[in-house]
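Let's take a walk through this structure together. We will start where two chains meet and then look at a few spots up close.

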Amino acid sequence: MSALAVLVASRLDAVSGRSTRSRGDAAAVALALRQAATAQVRVVSAGAMSDEVARDYLALGAGRIELFDVDADTDAAHLVPLLASVVANSALVLTGTRAASGLGSGVLPYALAAALGRPMIADVVDLQPQGAAWIVTQAGPKGARRRLRVTVPAVLAICAAPSGALRHSYRDRMAGEVVRQPCPNGTAAPVSTATGTGTSTAWSFVPLARRHQVLAARARQSGHDRMLGAIDTQSASRGGTLIDAGNADDKARAILDYLRTHALVNF
Amino acid sequence: MRPAGSSARRIDPRRPASIGPSGLRRIVLGGSEGERSAATLAPAPTASKPLRSAGPFARCVLVVAHADRGALDDHAREVVAAAAVLAEPDCEVVVAVLGACQDDAATWGIDRMLVHSAFDPEAYQPDVAVCWMLELQRLFNPAQWLLADRGADGDLGRRFSVAAGLSVACHVVELSRARLRVRAAGGFDALARPTAVMLLERGVARAALPFVGLGRQGTPPAWPQTPPAAGVDDLGLQAGDPELQSLEEADLILAAGNGVTDVALFNALASALGAATGASRVAVDDGRFPRAKQIGATGKTVSASGYLALGISGAMQHLQGIKDCRHVIAVNRDAAAPIARRAALTVVEDSGTLMRALLDQVRQQRGRA
């Protein structure tokens with residue numbers, strides 16, 4: 001029986017300021033629990049998490065959640081080897097795509113996969129067992145789906161978007177077990193791979209700016225150029241090609257030619 | 001204003017002027033040389049844009065992007081523009097493109113473009129792409145890497161930064177030479193100095209530039225022949241069904257307006273083209289289409305690569321909904337409809353007649369293919 005480990009974290013609500021469960025992580029837990037018949041599922045969190053949030057994850061159906069005590073100021077370079085030592089025995093490690101607290105850079109799954117020496121598969125939407133292997137479905141742009149057969153231990157970042165309504169069972173929430181454990185030893189050495197929250201970047205936090213400054217080149221224009229720009233009617237949008245002549249067949253052919261020139265249709 | 005009849009100084013609008021070598025009207029006060037004609041407001045012939053920097057270059061900044069149908073998409077162009085705006089005169093803007101790209105490099109501020117035309121976007125090869133980027137790093141040793149933070153580019157940038165051990169900033173929403181800004185959770189922004197790898201969100205920079213780049217074509221490093229990662233086998237890519245996916249992520253949209261009365265024909269054409277269907281507010285209010293299909297200010301904002309508007313006049317509210325569409329084709333009986341100014345191709349024809357003609361041709365050519 002192979003084991004799945006799901007890494008979860010709490011999320012700080014932007015409006016209420018309260019800690020809640022992260023939607024992406026909850027989708028990962030729900031996806032793992034669908035495989036509970038064939039695989040053992042561990043739900044793991046490192047970092048500060050209140051019992052309320054931990055029980056929110058238990059309400060998805062997990063019987064037990066393991067919380068590892070990590071200082072709040074632990075940076076990613078130290079967190080990654082710690083997580084790696086915790087989940088090293090699990091065949092598949094499931095995470096969300098990006099954390100809903102802190103910077104949410106989305107680099108952690110990649111750094112964790114590098115630390116464990118495993119392949120990393122991003123944007124996973126489905127997971128099915130096939131004998132000893134797993135069939136992993138990856139979401140692409142424009143609704144595309146890629147299927148991968150994974151036969152080795154891997155790290156999967158679960159895409160939250162397509163997951164529907166998540167289960168919330170009050171009984172499981174109350175009956176589940178929250179296990180707090182001390183930080184495992186022997187994880188002092190930080191990994192060399194710097195990540196978004198790594199030691200090499202010093203971040204300072206300021207209140208949210210509603211509007212961002214768009215980067216634009218400063219145009220060195222004379223006053224005369226600016227005046228001409230204000231009355232310029234040539235370069236303003238006048239539309240593209242206009243086809244008025246010909247019969248409907250010719251016009252349809254013109255549209256089809258345009259679609260084919262720009263590779264919008266594939267026949 | 002001085003009262004009428006006073007000795008107000010008046011300026012003769014037809015006083016003599018000569019056209020100088022720079023094309024400007026030159027008036028010598030009190031002079032009598034030149035032509036006596038009223039000033040015309042014709043704009044000067046558009047001068048070509050100046051070069052950002054002619055070199056020599058001591059450093060470079062590298063942008064890596066996946067091409068979308070033989071061109072860089074708007075997000076990638078913004079990233080290239082950000083690189084060009086931030087580059088010092090001795091810094092070269094090098095763009096490495098995965099996939100064929102026929103864009104004019106100079107227009108977008110690119111000094112050197114390395115196009116790997118043989119790239120296969122269907123294949124699953126993230127590790128090979130990372131090896132290719134490590135080879136780029138060895139050849140160019142760029143001061144900074146810039147990528148668009150979406151889809152394949154964002155994935156590649158994260159993989160590369162971890163593999164190369166470089167500091168990375170993701171979801172960058174604001175960038176300058178001195179600092180970058182990232183949205184953090186809990187109502188805060190995080191500021192830092194620019195990192196080695198930066199993944200930029202949409203809208204960080206304006207793609208239009210007042211200068212051009214050198215626009216040279218370079219040879220990218222050879223695609224690494226490393227075997228794909230063991231244990232992960234690609235079982236194939238399946239394109240999405242346009243009718244099942246949401247309109248926002250559709251790639252080709254066939255949209256109906258008030259001019260479309262034959263909905264069955266419209267749906268047949270959409271399924272023959274493999275396009276998702278949308279509608280304008282009038283067509284939805286009329287009950288011909290469900291509310292979920294509405295595109296526009298009160299409906300959905302779509303970002304399709306191709307948008308075929310049938311019988312849509314193009315009200316401002318509808319144009320807001322298609323502002324991110326790349327290629328807009330309009331079919332309308334009125335050549336002066338506002339959509340004609342937005343569309344790259346406008347066909348003046350009754351939408352029913354054109355749909356029948358188009359459906360016949362699509363069926364013929366699909367049958368032949």
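Predicted model: local features only at pLDDT ≥ 70, side-chain atom pairs only at ≥ 80, totals over all residues.

Between chain B and chain A, 28 residue pairs are in polar contact, with both partners at pLDDT 80 or more. A polar contact here is a pair of N or O atoms within 3.5 Å; within protein, one must be able to donate a hydrogen and the other to accept it, and residues adjacent in sequence count only if both atoms are side-chain atoms. On the side of chain B that touches chain A, helix 8 (residues 351-368) gives the most, with eight residues. Helices (H or I, at least four residues) and strands (E, at least two) are DSSP runs, numbered from the N terminus.

Residues are numbered from 1 along each chain as its sequence is written, chains are lettered from A and ligands numbered from 1 in the order in which they are written, and side-chain values use heavy atoms, with hydrogens and water left out.

Stepping back to the whole interface, 92 residues of chain B are in contact (heavy atoms within 4.5 Å) with 84 residues of chain A. There are also three salt bridges between the chains, each a side-chain nitrogen of Lys or Arg within 4 Å of a carboxyl oxygen of Asp or Glu. B:D233 forms a salt bridge with A:R149, and their closest N and O atoms are 3.9 Å apart.

Strand 13 (residues 241-243) of chain A pairs with strand 17 (residues 345-348) of chain B in the parallel sense, over three bridges; pairing requires at least two bridges found by DSSP. Within strand 17 of chain B, B:V347 stands opposite A:I243.

Now zoom in on B:D189, in strand 9 (residues 188-192) of chain B. Is B:D189 buried or exposed? B:D189 has a relative accessible area of 0%, so it counts as buried (under 20%, with a 1.4 Å probe and protein chains only). A polar atom of its side chain lies 2.9 Å from the backbone nitrogen of A:A209, and a polar contact of 2.8 Å joins the side chains of B:D189 and B:R181.

Technical notes
Buried < 20%, exposed > 50% of the residue type's maximum accessible area, 1.4 Å probe, protein only.
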